[in-house]
Amino acid sequence: MSERKKQLREIAPPFVALGPSGVAIGDRLKHLTPEDEKVLRLAGEHLGNLASRDLAARCRDGNDHTTDTWAARKRNLTADSSSRWAGSVTKATHDQWALSRRCQLAHIQSLEAGVRTLMHRLSQPIGEKGTKRAPGGYRSKGEWFNKSRRLATLEHRLGVARAEREAGIVHVVRGGRRLLNTRHNLTRAQLTEADWRARWEAERWFLAADGESGKRFGNETIRVTPDGEVSIKLPAPLAHLANAKHGRYVLASKIAFAHRGQEWADRIDANRAVAYRIHRDTGRGRWYLTASWQRPVVQTIPLEAARAKGMSGVDTNADHFAAYRLDVHGNPVGDPRRFFYDLSGTASHRDAQIRHTITQVLHWAKRCGVTAIGIEDLDFTAEKTREKHGRRKRFRQLISGIPTGKLKARLASMAAEMGLSIVAVDPAYTSQWGDQHWGKPLTAPRRKMSRHDAAGIAIGRRALGHPIRRRTAPPHDDQSDRRGHRTVQAERGTRECEETRPSVTERAHDARRRTETQQRTRETSASKTVRDARSDRQWVQDSLLFTD
C-alpha cells in the first residue's frame, strides 16, 4: 500500500470581484496670483488648526463617542469657520480615527501571530526539523535564548496594544508619522530644515469639502462651475479677504478635467454631490484640485457569463505579471506574456508603475477578445512576519514587495472602465500544480515556460471552473476500452474537483477486491453463457494482479 496522501486544504470557489464604488479626478491650478496663494495658505492653515484641535478632542472621547459629542464638536468649530466647514472637518476626523482603529487591530493580529509562532518554535527541541505545515525548533541554544527574549518583548507590546484598544486609545499624527520622523534624518532624506518645515505645514493644512446633493453645482463650500471657475467660501475670521459676494473668494485659475470631464460635468449640471480637495505639492511648488464622488457599485456579471469567451490568467509576482490566454475549454492559446514593473523608488513612482502595467494587461486582454481576467486573491497579512520565516529576509522582502492591496483596488476600477470583469480565485497550489502539469508539456525550442507562466494557466483554469491538471494517457484511437481510464482525472460525477484520482496501487487493490467478489459470485451461480477469458481482465492495468 502507498503512503497516505497529504491532506490538502479546502479551496475556495472563484467569484467575480465587485467594481469600484467611487471616482476621483484631478487637475492643476495654474496661473494663480500671489494673492490667491496667500488666501489658500491662510485658509489651509486656519482650518488645519481646527482639524488638529478636533482630532485631539475625538481621541479624548475614545469609545465614549456618541452622536451628541459629535454635534458638540461641530458646534464648537462652527463659530471659527462655518457650519459646512465644521461638518467637513468633523467627518474627516472621524474617518481618520476609524482608520487608526483598523490599523491598531491589524497590529494586534500581527503581534498575536508572532507570539504563536515563537511559542511553538520554543517548545520544540533544539535542531528539530520543521514541516510545510509548521516550523521546527531553533538551531542553537543561543538563538533559542534570543528568541525567548523577543517573545517577552512581543508579549509586552501585545498587552499594551490590547489595553489601549479596550480603552479606545489610538495614536494619530496629522501630517504622517513617517514625515515626522524624517525631521531627525534630514541629511539622509536630502532635505533642509526649511524644506521639511514647508512640507510638514502643507501636509497639515485642511482644504477639503464634502459635496451636497441639491446644492448649486454639488458643493457650497468649494464650488467649481461648468466653465472651470473655482471659488471658496472663506472661514469667518478670513471673510475680509473675499473678492466676491457672500464671503467667497474666486481664484484666477480655471479647471479643465481631461479625464472623466464629461461625467463630472453631468453631475454638477444635475446638482449632484461632488467633494473637492485643494492641496499643494511643495516639491514642485504647484497647487492641485481633486474632485471625487460616489456612485453605485457596478453590478458584476454572473460567473458563467464571465467565462463565456475564455479567460486571461494572470500570476502576480514581485516584479512582473505572468499572463496566459485560455479558451473556454481551458486550453492555453498562443504564447505566455510578461508585463514587468519596477517597485523601487518613491511612492508616486511605484504607483505609476502599477497603473502603467495594469493598463498594458487590460489592453492585451481586450485584444485577446476575452471578457474576464482571472487573478489570485492574495493576502500576505500573516505571511510577512519575521517570526514565521526567520532568517529568510530576502523572501520576506519579496513577499512584502508584491503590491496586493494597491493591485486589487487599481485593477478592479480600471478593468470596470474597459468593460472587463475580474474573477478572483484561491491561490492555493497554483504555482506548484501549474508547473507540475503544464510546465514541461508547453516547453518548446521557441517557447520558454517559467513557473510563473504555468501558474497563469493554473489560475485561468481555476477561474474557468476546470481542474488544473491535464488529462494524460489518452485511450487508444480505435478502442477506448483497451487501455481503460485515463491515469490522471477526477472521479466520475465529480465537477470542478481539484484532487487527482487515487494512485495506481490503490486502484489496483480496489480492482483485486472487485475481481474476487465477481469470481465468488460466478462460482455460486450457474452461468448460461460462455464468456471470453479476457473479458474478466479488461479493466486490469497492473501486472501485480497476475502474480501468484
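Me: Which residue in S13 stands opposite valine 16?
Reply: Valine 423 does, in this predicted model.

Me: Which way do S1 and S13 pair, parallel or antiparallel?
Reply: Antiparallel, over 2 bridges. S1 covers residues 15-16.

Me: And S12 with S13, parallel or antiparallel?
Reply: Those two run parallel.

Me: How many residues of S13 are buried?
Reply: 5 of its 5. The strand runs over residues 421-425.

Me: Which residues sit on each side?
Reply: Ser421, Val423 and Val425 are on one side. Ile422 and Ala424 are on the other. Both faces are covered. In general, side chains in a regular strand alternate between the two faces of the sheet.

Me: New topic, cavities. How many are there of 30 Å³ or more?
Reply: The count is 1. The largest cavity holds about 30 Å³ of space.

Me: Which residues line the largest cavity?
Reply: Val314, Phe321, Ile358, Val361, Ile375, Leu407 and Leu411.

Me: How many of the lining residues are nonpolar, polar or charged?
Reply: The lining has 7 nonpolar residues, no polar and no charged.

Me: Which helices each supply at least two of the lining residues?
Reply: H10, residues 347-368, and H13, residues 404-417.

Note on methods:
Residues are numbered from 1 along each chain as its sequence is written. This is a predicted model: local features need pLDDT of at least 70, side-chain atom pairs count only at pLDDT 80 or more; totals for chains, interfaces and linings use all residues. Side-chain values use heavy atoms; hydrogens and water are left out. Buried means under 20% relative accessible area, exposed over 50%, partly exposed in between (1.4 Å probe, protein chains only). Helices (H or I, at least four residues) and strands (E, at least two) are DSSP runs, numbered from the N terminus. Two strands pair if DSSP finds at least two bridges between them. On a 1 Å grid over the protein atoms alone, a cavity is a set of points where a 1.4 Å probe fits but cannot get out, and a pocket is an open set with protein on both sides within 12 Å along at least five of seven lines; lining residues have an atom within 4 Å of a point. Grid points are joined across faces, edges and corners, and a volume is the space filled by probe spheres set on the points. Ala, Val, Leu, Ile, Met, Phe, Trp, Tyr, Cys and Pro count as nonpolar, Asp, Glu, Lys and Arg as charged, and the others, Gly among them, as polar.
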